[in-house]
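Reader: I would like to learn how to read a model with several chains. Could you walk me through a few features, one at a time?

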Amino acid sequence: MLRFFLARVAMAVPTLLIIIALAFFLMRLAPGGPFDSARALDPEIAKNLRHIYKLDRPLLEQFWFYLQSLAHGDFGPSLHWRDFTVNQLFATALPISVALGTKAMLLAVLAGTALGLGGAMSKSQIGPRIVDGAALFGIVLPVFVVAPLLQLGFGLTLHILPVGGWNDGAWQNQILPVITLALPQIAIVARLMQAALRDALAMPHIRTLRAFGMPGFHIYGHALRAAFPPVVSYLGLAAANVLTGSVIVETIFGIPGMGRYFVDGALGRDYTLVMGTVVVVAAAVLLFNLIVDLVLAWLDPRVRYESRPG
Amino acid sequence: MSGNLRWHRLAFQLLVRVAAIFFTVLGLTIETEIGCAAEAPALMVWHRGELGDPGSLDPHKAETLIESNILDELFEGLVTLNARSEFIPGVAASWTVDPTGTVYDFQLRPDAKWSNGDTLTPDDFVFAFRRLMAPATGAPYANILYTLKNAEKINKGELPVEALGVRGLDAHRLEITLEHPAPFFISQLAHFTAKPLHQKSIETYGSDFVRPEHMVTNGPFMLKSFTPNDRLVLIKNPAYYDAAHVALDEEIFYSLEDRSAALRRFMAGEIQSYNDVPVEQIGFVRSHLAEAFKVTPSLGGYYYSFDTRRKPFDDRRVRQALSMAIDREFLAERIWGGTMDPGYSFVPPGIESYGAPATVAWKDTDLFEREDEAKKLLAEAGFGPGSQKLEVEIRFPNSENHRATAVAVADMWKALGVETRLLATDTMSHYAFLREKPPFDVAWWGWFADYPDAQNYLFLGQSDNQGLNHASFSNETFNRLMQEAQREASPERRRAILHEAEALLLDEQPDLVLLTYSSRNLVSPKLKGWEANVLDNHPGRYISVVP
Amino acid sequence: MNEPAPAMPISFTAGATRNWPLRVSLFILGSIALLCLIGPLVSGHPYDQVYRDYVLVRPSLFAHPDASEIDNAIAAIARRMHVHIEATRDGETMHLTLDAEKPVDPRVLRAFARSDLFAPAHIAATEDEGRRLEIDVPLKRMVFLFGTDANGRDLFTRVLIAGRISLAVGLLASFVALTIGVAYGAVAGYAGGRIDSLMMRAIEIVYALPFIFFVIVLVMVFGRHFVLIFVAIGAVEWLDMARIVRGQTLSIKQRDFVAAAEALGATTPAILWRHVIPNAAGPIAAYLAVLVPRVILLESFVSFLGLGVQEPLTSWGVLVADGARNIQGSIHLLIFPALFLGATLGALQSLGDGWRARA
């Protein structure tokens, strides 16, 4: 197990390097640069600016500079928020995105499990049908439709929640964004959990436990344990989906998170910001997938990680 | 049956426990904001929605209107704007001009101070202007103040900064020398490039002088905090010479790009003003927020530029024909919900020193007549039924309402037998395209004046204007007229020359003027001192909030 | 990386017609597809036809123009042509009397012809040296089932055209993902050992690349070429397909018929094509049914950012994104495209479930 863990960590470094290179050169493909704006600059001034930011050097040289500063943990200055370095921008945005994302995932797992359990426990056919149907809604409605509707409903019509803003993390301001982010995931987790539970409940060892007269709670406990792997596997993908959703949620609710830096950076050609976001997100995804695999191994002792015989 | 009930009870218990855990987890992150808000003394705060974040709070790195709005609150130049966007003395209490019109003598207010108590001296302006023109600073809009003597040469590295025509005469007098007379110079001094800077801060902290803990300002407000993508908080500057009349304690700028979301926040009362309105919802806003919705003509033009370098757009007849056939009233009223005005002149109306601008010859002709005339022109140029079909591609950014406008224009050109293709790109790509200028047919662009003078529009047609003459228009007579105007000292003669230049530009139509912008604002009735004006300038100095 | 235990190969047609949700899903999908293919041809409106007089009209089963629209239009024409108009209605024709101080410009007829409310008019009588005209103007009847958009285009037709694009994007991008994914996964699984490890490592690397960024950049670079959007989206979604196929291949290649084929000297491509892939078809098809909705949603996300398909074409993503900006005001712009989008995605999802349940 330890070898597996170390091997994965060792793999992460070249993986990240390749990703950085890919992102770096891809970004340069897009037409335009960070200094293009509504009011075109005097060409001489534009040239001067590019020189100051070293954007007139050959690409490979720029890439090398970037790697060097990365090695010192310095993501460089932002080209869009010119008073800040990318590190400073992340220092505020990353905790916010992590907080929101974690709460959304937590809500997704808890609510999804509860719903899936409910559906699986129901003796009739209607229970699972309702869960499936409701879940369909969650999956099918895009985030940028759900967010405004929630704002209108809870904010403007009922006046019980703020319409937007971060307000330094006040809990009232977190409710709607977290729910919006979590909804599609709740739906998917609910369906996955329900299906997996039904399969698990039909498994021989569970039926044996029932035959022995174990109390219901214990049985469901065992069933849950058997049903978790597909849900846990899905969580890796869920994290990526939450990231996509967070872009829109952050824009509509006005939350200073990492998601917006992605899009603002790419659309605004803020090279350093985009690179920084790519690196951080890629590292996070690799880390998250590693955790997921570890959890899977802990849940199901049958899983092994040796290389398969060819 | 009873077994079933037991499971349901268990499920219910499980759900309750799950809910309890969840809310506890959420509760663990409770901040007692509500409690604090109720106890804090009632501050007068203006919650001001903006279209985005400032790219920089360094006046020498600023570029956009957003930065202009914020910098106007933090810094005050020699001249400033009042609530009606009239130019009034700022740090300079009075000034005189010499007979040649090139040497200005400014007398600074004796009570002008920085927020840390230091007196504001002419050296602060000298330092600032020199830093603006120094090539190492890389100021994007240094060229606005190329009116200053030697400024252009210094900015291009040909002269040292000490050669700049700005010097302090004594503790309260500043002398500025210009390259040639410029009647609009005074209005330029209100621009953010002309703000003073606190020399000691910059020398001590370098580019970090803009951080809230280091920033020293001389305007009505100081910087308290700036969180990107969230908000920027300003607090009243007690050292400001007119602080006694500043009612606001705080001014908070909220960065809101999504206009629909901003509308909802305005309706919830979370912001008290916003400087745009989603065009799609104008109808709704007019009916439900009539009191708050303010539309004012402003000094911005909405243009479609032709690439006059290539056929057939080098033919004046083709350009005129395409321009004539457009129903600008329809665009202004139905597509833009009345938040734009039809554009028949190159210089938007509303510039006092210029008066009523020139208009196209066919302004009052009925649309059908114009269409007939346009078809004739196109036929003369070789397009029409029986001969070649004219194909046009319109390029525009995918923001705002450009798509709907382009669709409408394409439909109008269909009546002439012209086939139109539309190409939308993301905003940056569009600006990059305009800068690089590969061959195109028609490209959108919008232009807002840096300062209210006709020259700031007409210079777009000068052939030596590298960056902004998107149509690549090159006309000897026009260039000559513009140069004459630049040297003309008499305001009346200058105005006449500029009118003549504008008439020429309209006759040639290298840029098709579709519309002139109006500023669209949502303003809560609780905000007092907010006045609609053509520059869409609303200094916090005059604002107060009714509880 | 660990995979869920490979499912038994399933036949995806067996029992399809007996399964109730499956039937409903197929019916919905079939109807929508048919509607999108044929609808625009028979809706009575070209999808790019601009009706300047019918901007942001509400959905209605009743034909336009209604009484107030007629009155407003006639008043507007009167103002514009500087004439005074008295109007009486006679069934589907308006009888108008035009009075002016100077002889009326006969071009006034063009105003009626150009209007979307009226068919070409003819002069019934001229009096007073042309200062008074009697004109017959037939009404042009039009139905806007779903209303019109901000340019005055029929929303019903546009939703159907958008459906063509969205479904095309969904299918084509999924096809791209399918082709790349199946090829990659089958090769990796069959080759096994070092090659397999290397190929899966490569997938992990691409997996960690934030795909939204990747799609945005690709669309920015290739935006004007519609087909390349499919390719961009497909290129991002093939990863899971590859993993599933690889898992399937790993188990299938242990089976007897594969060993037999190898013993008989069949080439690797032939084995992959004739034995491995057909037996993996079940999970592939099931995943495909989940992939198409994902692709369509990703396309809608890209459209929300303004990077979607070019005018005059449109997609459900573009329409829903525009509609979401019109909730307070013209909510019909949101409801109809969202209904179609939702129904299609839901049906596809159910379809996928149905096939997966065939185990």
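This is a predicted model: local features need pLDDT of at least 70, side-chain atom pairs count only at pLDDT 80 or more; totals for chains, interfaces and linings use all residues.

Reader: Among contacts in chain A between residues at least 6 apart in sequence, what percentage join residues at least 24 apart?

Author: The share is 72%, counted among the chain A contacts whose partners are at least 6 apart in sequence.

Reader: How many helices and strands does chain A have?

Author: Chain A has 11 helices and 0 strands. Read from the N terminus, its elements go α-α-α-α-α-α-α-α-α-α-α. Along the principal axes, the C-alpha atoms of chain A fill a box of roughly 85 × 60 × 30 Å. Of the 310 residues in chain A, 50% are buried.

Reader: Let us turn to interfaces. How should I think about them in general, and which residues count for chains A and C?

Author: The size of an interface is often given as the accessible area lost when the parts come together. On the chain A side 39 residues are in contact with 33 residues of chain C. Elements of chain A that give two or more residues to this side include helix H1 (2-29), helix H9 (216-253) and helix H11 (271-299). Sorted by class, this side of chain A holds 32 nonpolar, 5 polar and 2 charged residues.

Reader: And how many residues of chain B are in contact with chain A?

Author: There, 58 residues of chain B are in contact with 56 residues of chain A. Helix H1 (2-27), helix H8 (259-267) and helix H14 (427-436) of chain B each supply at least two residues to the side that touches chain A. H1(B) gives the most, with 12 residues. The classes on this side of chain B are 28 nonpolar, 14 polar and 16 charged.

Reader: How do I read the crossing of two helices?

Author: Look at the angle between the axes, then at the handedness. In chain C, the axes of helix H7 (residues 226-252) and helix H9 (residues 268-304) come within 10 Å and cross at roughly 160°. Angles over 145 degrees count as roughly antiparallel, so H7(C) is roughly antiparallel to H9(C). H7(C) passes H9(C) in a right-handed crossing. The contact involves, among others, Ile233(C), Met241(C) and Ile244(C) of H7(C), along with Val276(C), Tyr287(C) and Leu291(C) of H9(C). By class, the residues of this contact divide into 13 nonpolar, 3 polar and 4 charged.

Reader: How can I tell whether a helix is enclosed by the rest of the structure?

Author: Count its buried residues. A residue is buried if 20 or more other C-beta atoms lie within 10 Å of its own. In helix H10 (residues 316-324) of chain B, 7 of the 9 residues are buried, so this helix is largely enclosed by the rest of the structure. The buried residues of H10(B) are Val318(B), Arg319(B), Gln320(B), Ala321(B), Leu322(B), Ser323(B) and Met324(B). They pack against strand E12 (293-306), helix H12 (367-381), helix H13 (402-414) and strand E17 (511-523) of chain B.

Reader: Which residues have a positive phi here?

Author: Asp536(B) is one of them, with phi near 50°. Asp536(B) sits in the loop between strand E18 (527-528) and strand E19 (544-545) of chain B, and it counts as buried because it has 22 C-beta neighbours inside 10 Å. Leu56(C) also has a positive phi, about 50°. Leu56(C) lies in the loop between H1 and H2 of chain C and is buried, with 20 other C-beta atoms within 10 Å.

Reader: And where are cis peptide bonds found?

Author: One runs from His64(C) to Pro65(C), with omega near -5°. Pro65(C) is in the loop between helix H1 (20-42) and helix H2 (67-81) of chain C. Another cis bond joins Glu311(C) and Pro312(C), where omega is about 0°. Pro312(C) belongs to the loop between H9 and helix H10 (316-324) of chain C.

Reader: Finally, how is chain C divided into domains?

Author: Chain C has domain 1 (12-43 + 148-358) and domain 2 (67-138). Taken over C-alpha atoms, the centres of these domains of chain C are separated by 54 Å.

Note on methods
Residues are numbered from 1 along each chain as its sequence is written. Chains are lettered from A and ligands numbered from 1 in the order in which they are written. Axes are lines fitted to C-alpha atoms, for helices over the stretch in contact, and angles run from 0 to 180 degrees between N-to-C directions. Helices (H or I, at least four residues) and strands (E, at least two) are DSSP runs, numbered from the N terminus. Angles under 35 degrees count as roughly parallel, over 145 as roughly antiparallel, 65 to 115 as roughly perpendicular and the rest as oblique. A crossing is left-handed if the near helix is turned anticlockwise from the far one by less than a right angle, and right-handed if clockwise. Two residues are in contact if their C-beta atoms, placed from the backbone, lie within 7 Å. Ala, Val, Leu, Ile, Met, Phe, Trp, Tyr, Cys and Pro count as nonpolar, Asp, Glu, Lys and Arg as charged, and the others, Gly among them, as polar. A residue is buried if 20 or more other C-beta atoms lie within 10 Å of its own, exposed if 12 or fewer, and partly exposed in between; C-beta atoms are placed from the backbone. Domain bounds come from an automatic or database domain assignment.
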